[in-house]
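Please look over the sequence and the three-dimensional structure together before reading on.

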Amino acid sequence: MNLPRSEAAMTVRLAVFLPAGPVPSWVVRLVGDCLDLPDVRLVALLRDASPLPAADWADRVDEMVFDRGASPLRLAELPTPAGVAEWIAPTAEPADAWLATRGCDVLLDLRTAPMPMAVSPTHHWALMLSGRPAVTPLAGADPVVEGADSTVIQLETIPGGAVIDTSLGASCTFSIRRNRRRAIAKGMGMVRRALVRLTAEGAVAPLPEVPAGGVDAFPGSPAAQRFATLVRRTVSRSASKALSRDQWGLALVFEDALCLDPARATLIHPPADRFWADPMVWPAEGGGWWVFIEEVIYKEGRGTLKAMRVQPDGSWAEPVSVMVRPWHLSYPFLFEWEGQLWMVPESGANRSVELYRCVNLPDHWEKVADIMTGIDMVDATLFEHEGRWWMLGNVTEPGADKHDELHAYYADSPLGPWQPHAANPVVADARFARPAGPLFMRDGKLLRPAQECVPEYGHALSLRRIERLTPTEYIEHTEQRIEPGWKPGIACVHTLSHAPGLTVFDFLTRRSRFAAVRGKRPVPSATGRSDGGRDNSDGKTAQ
């Protein structure tokens, strides 16, 4: 996140307290990131007497199977940068007394046991993962072993444990190291954001609300218990992937008003070799609708955009190609502005947010601008509210899930320039963060469809009531949930779109790979049903 730099920005003097000896590579990178921040100056490194505990055999097996290569959890030496003072335990001078002479504003405490100091800087922070210091080998283990759906990482104050920043994500059930990596990637962003806010505003206030979720640390789990848990989960996951394939399809409700009950829908199953997802509806000239979708053919593994003509009698035609790029495309977001139809497809794989103008429905689109560049944003969703244009989308910290943190931007028009919201990420909770379709008004309330990505990607829909939206404030709460399971076999639902007369959802089924081989292409019919069709970069799985 890049906050506007204040004319009165202060210089923040930072110290980092480390374990003795080598530290995880992510710590080395984080210290480097902090050095690169404007108005942040690293003044001291403190090295504790206690080193990190050695990884046990279960952790080493997890590493060999699921964390090969240049892992941020691998240990590395952190040399003291030139001009930075260093304190190494044990020494005659206590750490707090020594640090007091350095004029430090912030102490980032990355020891294995962060604790208060008799003389502490104004800001003393610790990065905690499900109740454990993030540097320790068992950080992130507890949610996995206990079977918790979610894992929470927090930037906390010492003493007191007030939460400065927090993010909740779905737990990686089959690898503790992967679970720790994904959470720590977000934690590094928290540290950077807190320092930037401190330089810009002179203070970092605790959060008024902290999402519940995850598991607090318990005394510890033996290596054998952790190994058995991960073997059981890995075998179950591998068997499921070998026997079945995730396939997204479309659910259509033909009613004038917006329908929030997909149980009344007619289902369209795609051919067995692909999935259709992220439906966006727009009225078609001459009657009926165009339903724009993401299509992924499994063997290709990359999304393209298509559009399906749907008639009021429920019949539908084979999708036609709308947009193909060398990179993955999905979430073909549509909106009207200045009497014209516009599209912002998801193109995060190209690190851009692109704006297109419709020349001729459904398949002739003219690119107008890259309205944002150098950003990995998924599911950009635009709307006008109280005299401003807003864009909501999930922005990903490198190495973290794409589902966990919603960022907001505002501008005078869709062309920008887009300014970041002061509180980004405005939602840091995988249960509500990721957009799930256009916003809409109901009973005078502005509702934002959101994906619930816990316990898995796109599990359910949550309609979030936006109660406060300004460049500095964002408040929303759940108004209603739409869960899967309204028909047998439907495991997930994650997008909602409406135009007068038609509401469209998507849904996920887990179809047998053996049945898929025998499946036929669906035949469009008067009922819209098919007779045969028995996650890529945005989270869906092309298995």
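A charge is said to sit over a ring if NZ of Lys or CZ of Arg is within 6 Å of the ring centre and within 35 degrees of the ring normal. In this structure, which is a predicted model, the charged end of R245 sits over the ring of Y298, at 4.1 Å from the centre of that ring. Another such arrangement involves R388, whose charged end sits over the ring of Y410 at 5.8 Å from its centre.

The next topic is the packing of helices. Two packed helices are described by the angle between their axes and the distance between the axes. Helix α2, which covers residues 57-66, packs against helix α5, residues 176-201, at an angle of about 75 degrees, and their axes are 8 Å apart. Because angles of 65 to 115 degrees count as roughly perpendicular, α2 is described as roughly perpendicular to α5. On the α2 side the residues that meet α5 are D59, D62, E63 and F66, while α5 brings I176, R177, R178 and R180 to the meeting. Sorted by type, the residues of this contact of α2 with α5 divide into two nonpolar, no polar and six charged.

From α2 the contact draws on W57, A58, D59, V61, D62 and F66, and from α6 it draws on A223, A224, R226, F227, L230 and T234. The residues of the contact of α2 with α6 divide into eight nonpolar, one polar and three charged.

H123 has its place in strand β7, which runs over residues 123-129. Is H123 buried or exposed? Its relative accessibility is 17%, and since buried means under 20% relative accessible area, H123 counts as buried. With neighbours within four places in sequence left aside, H123 is in contact with D105, V106, L107 and L198.

L329 is found in the loop between β16 (320-323) and β17 (330-337), and with a relative accessible area of 0% this residue is buried. Not counting residues up to four places away in sequence, L329 touches E294, G303, T304, L305, M323, V324, E346 and S347. The C-alpha atoms of L329 and I293, which are 36 residues apart along the chain, are separated by 10.0 Å.

P417 also belongs to a loop, the one between β23 (405-411) and β24 (419-420), but P417 is exposed, with a relative accessible area of 64%. Its contacts, leaving aside neighbours within four places in sequence, are with Y410 and A411, and Y410 is the residue whose ring lies under the charged end of R388. Between the C-alpha atoms of P417 and M117, which are 300 residues apart along the chain, the separation is 45 Å.

Methods:
Residues are numbered from 1 along each chain as its sequence is written. This is a predicted model: local features need pLDDT of at least 70, side-chain atom pairs count only at pLDDT 80 or more; totals for chains, interfaces and linings use all residues. Side-chain values use heavy atoms; hydrogens and water are left out. Axes are lines fitted to C-alpha atoms, for helices over the stretch in contact, and angles run from 0 to 180 degrees between N-to-C directions. Helices (H or I, at least four residues) and strands (E, at least two) are DSSP runs, numbered from the N terminus. Angles under 35 degrees count as roughly parallel, over 145 as roughly antiparallel, 65 to 115 as roughly perpendicular and the rest as oblique. Contact means heavy atoms within 4.5 Å. Ala, Val, Leu, Ile, Met, Phe, Trp, Tyr, Cys and Pro count as nonpolar, Asp, Glu, Lys and Arg as charged, and the others, Gly among them, as polar. Buried means under 20% relative accessible area, exposed over 50%, partly exposed in between (1.4 Å probe, protein chains only).
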